[in-house]
Amino acid sequence: MGSIQTEPLGCIVGALICQKDSYLRALEAKVISCIKAPEVKPPKSKGKSKGNTDVQDGDSICSDIWHIEFNDSVLFPEGGGQPSDQGTLTILDQPEAEPITIKFVERQGLRCIYHSPKPIEPGTRVVQTINHPLRWDHMQQHTGQHLLSNIMETHYSGLETLGWSMGKMNEVNYVELPRKPTDEEMASIQDRCNEEIRQNHVISVEVPEDAKTDKMPGDYDREKGIVRVIRIGNLDRDTCCGTHLRQTSHISLILLHNTQPIRGTNTRLYFSCGDRAIKFATSSVRSLRSIAGMLSSKTEAEEVLSAVQRIAESEKEGKRRENKLLAEIAKYEGERVKAILAAGKKALVYRSEPGLYFLDLVTIEIRDALKDGGLVVLASGQSKTAGQVVIHGEKGAVEEMATKVKEAVSGLKGGGRGEKWQGKVVEWKKGEVEMLRKLVEGEELVLR
């Protein structure tokens, strides 16, 4: 079936049954159009492909996808910041057949288009069934966002919503704000939101003639389409095409998480609503109890925080003691190196733990001695780990040694000018540290 002729256009987006009755879970509908989706060529890959290569949820590049339009739809097409519904199609005259899984529905202008892995003949009657837990989650997050944005814009200066994003199921959402709210404001906003939820305001859909259309997408026909306004009691009226709850009590609760600066003074405020928030709180409590057990602490948040702070302070103190000991060791190592330089020989400083801190300490100890000439190679790391190599000395000697070291250490990359060369070892191979020692000490070695 390459291309199927279409019947007249179905119900337009804005007047779909899912937008009129968002609690409806199934609908008997008729196919009015079914055409094969244009082939999508996979993007050119520079390396091995990672993960799956779906274009949309369920739209595998290698599979045939069919765009199906019905006379009406109980599944909501992606739009207004709300993801597409998911669900199934059951063909009525094939009750024993496996239902067709629908993972993505999109709006094309005024049309509601299902992305189906199988074609269905126009005129065929089906039962559309939504994934209700997913729809319920979407409605809790979306209606919750409307209420949250209204509370912030109404009661707090400079906290109007600039944009928002609904996270995937079990993830958090965010609203973008012009500034960061204070901790006191966060607590107050959350309290106000949940008080209005308890007031159980009625949520309704209006289609006023004077509705603002500035938020409408550019490809939506404002003349032929329908501009919907979502009303939350006497609190809020906002243009929106999404599916919403009938009353604020169905939001259940709004939980504010944290903020994140993004650009300038703009800030993302992360939040979750309803069942998502309950799952997040439950998970957090369980994690808190587990952490408390590992810390031998009481389970109250303040006690766990105090225990973590004590461990952090102890770790800082341990680090300070470690650095003090390293500084003392560096002095002894510096004396050893200076004696080697005084004898007219090259010196190697090696530490198995990767990092530049100890190497820098030794460099400070020997820098005056290097003014009289000589060459020192400092290296850190061990087999199968990353590391560093630093070479100090006279310009010509440094360049010559750097060339030899790069030949001996296969994963070494770096550069330098004059009296210093520095490089990073991606991974020390077996035997390379010993080869470096022989190279510096002038022993004969055979390079790979």
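Residues are numbered from 1 along each chain as its sequence is written, and side-chain values use heavy atoms, with hydrogens and water left out. Because the model is predicted, local features need pLDDT of at least 70 and side-chain atom pairs count only at pLDDT 80 or more, while totals for chains, interfaces and linings use all residues.

The protein contains eight helices and 19 strands; helices (H or I, at least four residues) and strands (E, at least two) are DSSP runs, numbered from the N terminus. Of its 448 residues, 42% are buried. Here buried means under 20% relative accessible area, exposed means over 50%, and partly exposed lies in between (1.4 Å probe, protein chains only). The accessible surface comes to about 25100 Å², and carbon and sulfur atoms supply 50% of that area. Accessible areas come from the Shrake-Rupley method with a 1.4 Å probe, and for residues only the protein chains shown count as cover. Among contacts (heavy atoms within 4.5 Å) with a separation of 6 or more, 67% join residues 24 or more positions apart.

Helix α5 covers residues 301-342, which is 42 residues. From its first C-alpha to its last it reaches 60 Å, close to the 62 Å expected at 1.5 Å a residue; the expected span is 1.5 Å times one less than the number of residues. The buried residues of α5 are V304, A307, L326, A330, E333, G334, V337 and L341. These buried residues pack against α4, β15 (347-351), α6 (357-370) and β16 (375-380). After α5 comes G344, with a positive phi near 80°.

A nonpolar surface patch is formed by I291, M294 and V308, with about 290 Å² of accessible area together. Patches are made of residues with over 30% relative accessible area and no salt bridge; like charges are joined within 9 Å, and nonpolar side chains (Val, Leu, Ile, Met, Phe, Trp, Tyr) within 5 Å.

The whole structure holds 22 salt bridges, each defined as a side-chain nitrogen of Lys or Arg within 4 Å of a carboxyl oxygen of Asp or Glu. One of them links E185 and R179, whose closest N and O atoms are 2.9 Å apart. E185 is buried at 17% relative accessible area, whereas R179 is partly exposed at 24%.

An α-helix has 3.6 residues a turn, so residues three or four places apart point the same way. In helix α8 (residues 432-441), R437 and E434 are also three residues apart, and their side chains meet in a salt bridge of 2.4 Å, N to O. R437 is partly exposed at 24%, as is E434 at 35%. Salt bridges with shared partners also join E206, R231 and R237 into one network.

A disulfide is a covalent bond between the sulfur atoms of two cysteines. With a disulfide taken as a pair of cysteine sulfur atoms within 2.5 Å, the count is zero. For C11, the closest cysteine sulfur is that of C18, at 8.7 Å, too far for a bond. C34 is buried, at 0% relative accessibility.
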